[in-house]
Amino acid sequence: MLIGPLATAYYLAKTLLRPLSAEQLGKREMKLKQLEGLLGNLDQFSDPKIELEQYPTGPHIASRMLYTAENSFGDISDKVVADFGCGCGTLGLAAALLSADHVIGFDVDSVALEIASSNAEDLELDVDLVQCDIRNLEFRGKIIDTVVMNPPFGTRSKGADMVFLSVALKNASQAVYSLHKTTTRDHVRRAALRDFNAKSAEVLCELRYDVPQLYKFHKKKEVDIAVDLWRFVPAAAPGTGVRCC
């Protein structure tokens, strides 16, 4: 389901805790290789926007990111999971395949959300999608359990990665899983703990992010970038409600 910015608050108040379909609830024993295979069949950006730093999250990284979140920490199944900057929906759909209670993806790009919607239909998954600028996303209370995201690295818009992290830590009640360039590790940890009031910030593993030749300025067919998979535990906050404009 696609929802425009003006209807977001009403939508979240009425439907966020709606249970997923029987098909989703039956997918309890998803294996890692099976998850990676399903994610590998998803459609990705046909005309990516460089100003949004749109790069597909590959099935190898996405499957391991969500599988770790579920099997090592129990942060996915039966949880309300939000995918910030969801793009074509890879991380959110992985959460749904791992039996999240409810999945919602946020992205500013309507074209990306259309692709994500089509991917969800192909997998017969019930996922909600909201067009919204993450910078304007504000929850009064933590009704989302877990945030998963592959934010912009901030190479085109400096600090974009930290904006995503700040908003995620304000709105998740249980955990935030995020990918950041390994070269920014000290900066990410310092910002999370000092500036964004995270209870903890842990690098779970270092991964290789395959960046395909998507844009004209790319000289190589593919480049590997070292990225960290982080798990952040946010500070608790009281209250209820949501606003996104």
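Analyst: Ser63 is found in helix α4, which spans residues 59-71; helices here are DSSP runs of H or I with at least four residues, numbered from the N terminus. The model is predicted, so local features need pLDDT of at least 70 and side-chain atom pairs count only at pLDDT 80 or more, while totals for chains, interfaces and linings use all residues. Residues are numbered from 1 along each chain as its sequence is written, and side-chain values use heavy atoms, with hydrogens and water left out.

Ser63 has a relative accessible area of 0% and is therefore buried (under 20% relative accessible area, with a 1.4 Å probe and protein chains only). A polar atom of the Ser63 side chain lies 2.7 Å from the backbone oxygen of Pro59. The side chains of Ser63 and Arg64 form a polar contact at 3.1 Å (a pair of N or O atoms within 3.5 Å, one able to donate a hydrogen and the other to accept it; residues adjacent in sequence count only if both atoms are side-chain atoms). Leaving aside residues up to four places away in sequence, Ser63 touches Leu32, Leu35, Glu36 and Leu39, where contact means heavy atoms within 4.5 Å.

Helix α3 (residues 32-40) packs with helix α5 (residues 90-97) at an angle of about 140°, their axes being 11 Å apart. Axes are lines fitted to C-alpha atoms over the stretch in contact, and angles run from 0 to 180 degrees between N-to-C directions. Leu35, Leu38 and Leu39 of α3 meet Thr90, Ala94 and Leu97 of α5.

Notes:
Helices (H or I, at least four residues) and strands (E, at least two) are DSSP runs, numbered from the N terminus. Buried means under 20% relative accessible area, exposed over 50%, partly exposed in between (1.4 Å probe, protein chains only).
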